[in-house]
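Thank you all for coming this morning.

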Amino acid sequence: MPFSEAARIALAALRANKLRSFLTVLGILIGVSSVVAVVAITEGLDRYMANQVLSLGSRSFSIQRMPDIITSRAMWLEMQKRKDILLSDMDAVKGACDACGEIGARVQTTRTVKFGRTKQPDVEIMGVTENFSRIGSVRDLITGRQLIADDVDTARPVGVIGADIMDAFFGQTEPLGKTILVDSHEVRVIGVAERKGKIFGNSQDNFVWLPITTYRKFYGTRRSVTIQAEARNMDLMETAQDQTRVVMRARRHLGFAKPDDFSIETGETVMDFWQSATRGIYVVTIVVTAMSLIIGGVVVMNIMLVSVTERVREIGVRKALGARRRDILRQFLVESVLLSALGGALGILGAAVFSMALAAILGGIMSADFSAPVRLWAVTLALFVSSVVGLVAGIYPASRAASLDPVVALRNE
Amino acid sequence: MSVAPVPPSTTAQTDGALIRAEDLWRTYVMGAEEIHALRGVSFTIAPNEYVAVMGPSGSGKSTLMNLIGCLDTPSRGRYVLRGKVVSEMNDDELAAIRNREIGFVFQTFNLLPRATALHNVELPLVYAGIPKEERLAQARRALEMVDLADRMSHKPNELSGGQRQRVAVARALVMGPAILLADEPTGNLDTVTGEEIMGLFERLHAGGNTIILVTHEKDIADHAHRTIHIRDGKIESDEERRR
Ligand SMILES: Nc1ncnc2c1ncn2[C@@H]1O[C@H](COP(=O)(O)OP(=O)(O)O)[C@@H](O)[C@H]1O
Ligand SMILES: [Mg+2]
């Protein structure tokens, strides 16, 4: 009996029991849809993270007192003991790192900024060196000029504002030359930076850049700075970080066996952390999926046994008409595989709907363009795995059907 | 996938007999008890004979038909069909014989309820591995032969008892088998429809078919040219009837 004939018989049998067939494959449906949806969503998040984090510039790295990611309170307490990073450290790195391109420094705090009666809360106030907007990737202006060396040298009370400040204070009116109040300090607006949007709901445009000298005049010099550096090109990334590490360790007189008492961070660090987190999600998903597929397989096997029992007489008739063992075996295996693959297909459909809905919701929360694409490989794998489940689940019922004695089967009422 | 040819090693000497049964026993083991449904049955049947098998209920008629139809194998004895020793064949070879040499008609019709008349008749051709087009043509021809050309796409529950049995006969004949076996084919039919089926059998016999038919009705048995009576698993009498 050719495969197409077996498939036709199987489809007819499934169609005759639509609801039962659907309920039977529920386990497989849930297993497949959860794995496909999770893969789609984490891939979407991965891409989103990569876009946002690596947009800082993949050549750039920073030397900071505290690491980006602190995983315990004990670690945090330990980090508190670290020495401040100074502007003189920056000068030392400039002198020693020939693999480096631009090297600058920044300090930051969060304050309220005012213009006339209008207040903008939680603004990131950054004191930066004049080259800051060029390190790693260039951050262009919509209007006005960037900070220049002279601004830093003379600690001029001028600033470049982010697009959120522009929106809040000036709207369509001219911002350049206006004076805003950072805390109580007067700052003249000299430029507006291009808009970057949000990352996990945090605006990237709610800031004021001041010359680092001006910042220190406002807030004092007793603060650790962050050195922002870049490698001259991607290939020199390792070398640049190594050279920097060597200078820093020498300046702090760290012995051979002592760990760094400063942190060198790149976008990669955050990406690595993110990826190890999503790996955890994957593991959980795979366990959940494996469990629901096993349960789904047992249910399919059970229903196939019922189906065989219901059709004992049909099997007898088919044997009387010349069906061989292998014909009957194939018929029920095909039915079991089709049943499970159908569950897999419905699961993919469910996953597509689910991840589309979730992408819309997440996109809304993060106010960003976010998509969770259901990949062809995930679809193929899901169909393959559910077919294998059907095949395995069908073996026992099908071989029971195939080995029925035709005389006994025909006597069955 | 086509039907496996029967290997020549199982061939015995032929002497014109289509069926040769030699001391057939069939014993069912039920726990500690042994039931001898057949106790040493021997006979030969020539091509184009029309034989009725009669006997009381439980005498072993169906058991004998199952052996002749290769649905079952004897516990003891030898069964030779067209010179081939069937009692030594394996499952696949038996399936091939059932498919090509035997046409079965049952008391309860045994049609697949969800399939149309045409699809039911098509079934033996499916297992013979015949391509779709040819299959449909042959199945149509068989249904026309039993005067059901206008009922091909009906399902069994849309047909009368007599029509169902005619579908079953068409299905039994579609492969052009040597032997038509009918186990109480009129048992579930009224007298008139029963006679209709018997008329169909006469026609088939006239056309060259060998027919073996189980019945306990004298009127039905009278259509046959030879009657074998069995009782308690043994042949009681075996006589030709001249007409
Ligand atoms: N599968 C079976 N298992 C046990 N006993 C059986 C089986 N089939 C038939 N028999 C017994 O064999 C005897 C002959 O049965 P059967 O050939 O069906 O009789 P008939 O068709 O003449 O009425 C009966 O006693 C019956 O109970
Ligand atoms: Mg009987």
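This is a predicted model: local features need pLDDT of at least 70, side-chain atom pairs count only at pLDDT 80 or more; totals for chains, interfaces and linings use all residues.

In chain B, helix α3 and helix α5 cross each other in a right-handed sense. The contact between them is built from A117(B), N120(B), V121(B) and P124(B) on the α3(B) side, and from V167(B), A170(B) and R171(B) on the α5(B) side. Sorted by class, the residues of this contact are five nonpolar, one polar and one charged.

To place the two helices for you, α3(B) covers residues 117-127, and its axis lies 7 Å from that of α5(B), at an angle of about 30°. An angle under 35 degrees counts as roughly parallel, and α3(B) and α5(B) are therefore described as roughly parallel to each other.

From α5(B), the residues G162(B), Q165(B), R166(B), V169(B) and L173(B) take part, and they meet T193(B), E196(B), I197(B), L200(B), F201(B) and L204(B) of α6(B). That contact divides into six nonpolar, three polar and two charged residues.

Let me now turn to chain A, where helix α5, residues 87-96, packs against helix α9, residues 237-251, with the axes 9 Å apart and an angle of about 130° between them.

Moving along chain A, we reach C97(A) and C100(A), which form a disulfide with their sulfur atoms 2.0 Å apart. The count of disulfides over all chains comes to one. The torsion about its S-S bond is about 80°, so the disulfide formed by C97(A) and C100(A) is right-handed, and both of these cysteines are buried. In chain B, C70(B) is buried too, because its relative accessibility is 0%.

Next, a few single residues and their surroundings. N66(B) sits in helix α1 of chain B, residues 61-68, and counts as buried because its relative accessibility is 13%. Apart from neighbours within four places in sequence, N66(B) is in contact with V407(A), L71(B), D72(B) and F104(B).

Also in chain B, T215(B) belongs to the loop between β8 (210-214) and α7 (218-221), and at 3% relative accessibility it counts as buried. Although T215(B) and V53(B) are 162 residues apart along the chain, their C-alpha atoms are separated by 6.4 Å. Setting aside neighbours within four places in sequence, the contacts of T215(B) are V53(B), M54(B), G55(B), I220(B) and A221(B).

Back in chain A, Q80(A) lies in helix α4, residues 73-80, and is partly exposed, with a relative accessible area of 32%. Its touching partners, not counting residues up to four places away in sequence, are R65(A) and M66(A), and from Q80(A) to M66(A) the C-alpha distance is 8.0 Å across a separation of 14 residues in sequence.

I will end with two points of backbone geometry. Most residues other than glycine have a negative phi. In this model, however, A155(A) has a positive phi, near 50°, and this residue is found in the loop between α6 (149-153) and β5 (158-161) of chain A, where it is buried with a relative accessible area of 12%. F109(B) likewise has a positive phi, near 70°, and lies in the loop between β6 (102-105) and α3 of chain B. With a relative accessible area of 9%, F109(B) is buried as well.

Definitions and conventions:
Residues are numbered from 1 along each chain as its sequence is written. Chains are lettered from A and ligands numbered from 1 in the order in which they are written. Side-chain values use heavy atoms; hydrogens and water are left out. Axes are lines fitted to C-alpha atoms, for helices over the stretch in contact, and angles run from 0 to 180 degrees between N-to-C directions. Helices (H or I, at least four residues) and strands (E, at least two) are DSSP runs, numbered from the N terminus. A disulfide is a pair of cysteine sulfur atoms within 2.5 Å. Buried means under 20% relative accessible area, exposed over 50%, partly exposed in between (1.4 Å probe, protein chains only). Contact means heavy atoms within 4.5 Å. Ala, Val, Leu, Ile, Met, Phe, Trp, Tyr, Cys and Pro count as nonpolar, Asp, Glu, Lys and Arg as charged, and the others, Gly among them, as polar. Angles under 35 degrees count as roughly parallel, over 145 as roughly antiparallel, 65 to 115 as roughly perpendicular and the rest as oblique. A crossing is left-handed if the near helix is turned anticlockwise from the far one by less than a right angle, and right-handed if clockwise.
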